[in-house]
Amino acid sequence: TATVRRDGSSRFGKNHRWGTFPSASAAWRISAEDFFPEDIAVNDLKLRLGYGKTGSQASVGNYDHIQTLVTLLYPFGTSLDNAEQSALYSQVLANSSIHWEEIEQFNAGVDVSLLNSRINLSLDGYIKNTNSMLVKAAFPITTGFEDTFDTYINAGKVRNIGWELTANSVNLTGELGWETNLTVTYNKNKVLEVENPATRAYDLVSLPYKTGYPVNALWAYRFAGIDDRPGLVGQSMYYVENGNTSHNASSASVDVLEFGGQSDPKAIVGMDNQLRWNGLSLGFLLVYYGGHKMFAQPKSEVFESSWDSPLNIVYLNSWTPENHSDVPGIGEYASTSLGSECRTATNCLYDADFLKIRNITIGYDLPEHLTEKVGISKISLRFQINDPKALWIKNNAGIDPETLGIRKQASYMFGVNLSL
């Protein structure tokens with residue numbers, strides 16, 4: 001099959017409103033061919049190929065391609081009666097050249113059915129390129145606009161490469177039934193092109209886009225220890241240019257930063273199991289997220305007089321002349337300067353992999369000879385636990401990697417379903 005779409009949007013200038021988006025797909029069911037043997041364990045086999053291009057306008061608003069003016073009161077003169085006058089100023093620079101963001105994807109897949117359809121597998125691989133991304137522009141202060149966050153341009157390219165596996169198996173049949181559904185996804189993305197790449201460390205930490213690295217890369221200041229020099233005792237130090245150390249690294253070049261990984265999971269696994277026996281049922285969903293990192297438990301400097309609120313438990317291990325830890329000093333060893341680098345430093349970078357039971361459901365269908373006595377055809381009882389405590393977390397930061405804070409509170413539900 002093949003299709004061609006021609007989409008138009010008034011969110012773009014009149015010369016760039018229309019975009020053409022083709023797609024095509026093909027499939028070959030090999031198991032339907034005469035040469036395919038019928039006495040093997042493979043019941044069904046199909047190959048798939050696909051290509052498609054779509055457009056996105058979600059990043060921009062209805063009038064973001066035109067200049068907008070707003071009013072303000074501006075002081076003129078010195079008399080009280082004529083101190084302020086109404087004025088107009090440009091809030092957004094016009095850019096009638098912005099156009100559709102284009103997402104181009106190639107994919108190939110295979111579907112397999114085994115053992116009289118007791119095992120069904122689907123495997124898909126894909127390459128997804130996002131071109132001409134709609135991003136907010138930055139302007140130098142010499143233009144009179146400084147940084148404007150409402151003017152959009154088409155800039156930047158991103159590539160995603162990954163695969164997805166779905167599997168269904170009927171493990172047991174008969175009086176005891178057991179069925180499993182498995183989903184595994186793996187994705188790796190990379191920035192191919194970025195407009196106006198960051199040159200200062202602070203800018204790259206805030207907007208982490210750098211050619212050759214993931215979209216949501218984590219850039220970390222390299223922790224160099226706690227300063228013990230007179231007048232600087234208790235301060236966190238970070239590596240800067242030429243191997244030197246400094247309390248302030250945010251204004252240094254991007255070369256002082258260390259790539260710490262990405263905040264997006266590379267691998268996501270979900271496994272749902274359903275068991276049934278004599279009216280009883282048990283279901284549970286396991287999930288695994290892995291291959292990513294997180295910033296947690298920032299070890300911030302604390303002024304000597306900053307005792308008006310509780311301190312994090314990490315300060316039980318604060319720096320002293322006898323205890324050279326990575327936690328800034330407090331009390332008599334407190335820092336005289338507070339820095340922001342601690343929130344994204346290597347000493348607060350952790351693995352974010354985790355394994356959780358998403359939910360557990362226990363059910364019971366009452367026997368028909370009991371329900372008929374009360375004039376009801378079916379009575380089903382259900383008890384469900386949502387988000388119990390995680391089974392395993394790779395780090396020891398005491399933070400839930402999924403929420404970057406306290407874990408989701410477990411919830412319990414009980415239900416009765418009556419069929420008359």
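Guide: Start with exposure: buried means under 20% relative accessible area, exposed means over 50%, and partly exposed lies in between, with a 1.4 Å probe and protein chains only. Asp-203 is partly exposed because its relative accessible area is 27%. Two notes on the source. This is a predicted model, where local features need pLDDT of at least 70, side-chain atom pairs count only at pLDDT 80 or more, and totals for chains, interfaces and linings use all residues. Residues are numbered from 1 along each chain as its sequence is written, and side-chain values use heavy atoms, with hydrogens and water left out.

Visitor: Which residue meets Asp-203 in a salt bridge?

Guide: First the idea. Side chains of opposite charge can pair when their charged atoms come close. The cut-off for a salt bridge is a side-chain nitrogen of Lys or Arg within 4 Å of a carboxyl oxygen of Asp or Glu. Here Arg-200 pairs with Asp-203 at 3.1 Å, N to O. Arg-200 is partly exposed, because its relative accessible area is 41%.

Visitor: How many salt bridges does the structure hold?

Guide: The count is 13. Take Asp-387 and Arg-358, whose side chains meet at 3.3 Å, N to O. This pair links distant parts of the chain, 29 residues apart. Asp-387 sits in the loop between strand 22 (378–386) and strand 23 (392–393), while Arg-358 is in strand 21 (residues 354–365). Strands (E, at least two residues) and helices (H or I, at least four) are DSSP runs, numbered from the N terminus.

Visitor: Are Asp-387 and Arg-358 buried or exposed?

Guide: Both are buried. Salt bridges that share partners also place them in one network with Lys-356, Asp-400, Glu-402 and Lys-408.

Visitor: Where does Asp-124 lie, and which side chain does it meet in a salt bridge?

Guide: Asp-124 lies in strand 7 (residues 119–131). Its side chain meets that of Arg-48 in a salt bridge of 2.8 Å, N to O. Arg-48 is in strand 3 (residues 42–56), 76 residues from Asp-124, and the pair links distant parts of the chain. The two side chains are also joined by a polar contact of 2.8 Å. A polar contact is a pair of N or O atoms within 3.5 Å; within protein, one must be able to donate a hydrogen and the other to accept it, and residues adjacent in sequence count only if both atoms are side-chain atoms.

Visitor: What else does Asp-124 touch?

Guide: Contact means heavy atoms within 4.5 Å. Leaving out residues up to four places away in sequence, Asp-124 touches Arg-48, Asn-107, Ala-108, Gly-109, Gly-162, Trp-163 and Glu-164.

Visitor: Which side chain makes a polar contact with Ser-337?

Guide: That of His-247, at 3.3 Å. Ser-337 lies in the loop between strand 19 (293–295) and strand 20 (349–351). It is partly exposed, because its relative accessible area is 26%.

Visitor: Which residues make the nonpolar surface patch?

Guide: Patches are made of residues with over 30% relative accessible area and no salt bridge; like charges are joined within 9 Å, and nonpolar side chains (Val, Leu, Ile, Met, Phe, Trp, Tyr) within 5 Å. Accessible areas come from the Shrake-Rupley method with a 1.4 Å probe; for residues, only the protein chains shown count as cover. Here Leu-282, Ile-362, Phe-383, Tyr-412, Phe-414, Val-416 and Leu-418 make a patch of about 710 Å². Strand 24 (residues 411–419) gives the largest share, four residues. Phe-414 is found in that strand and counts as exposed because its relative accessibility is 60%.
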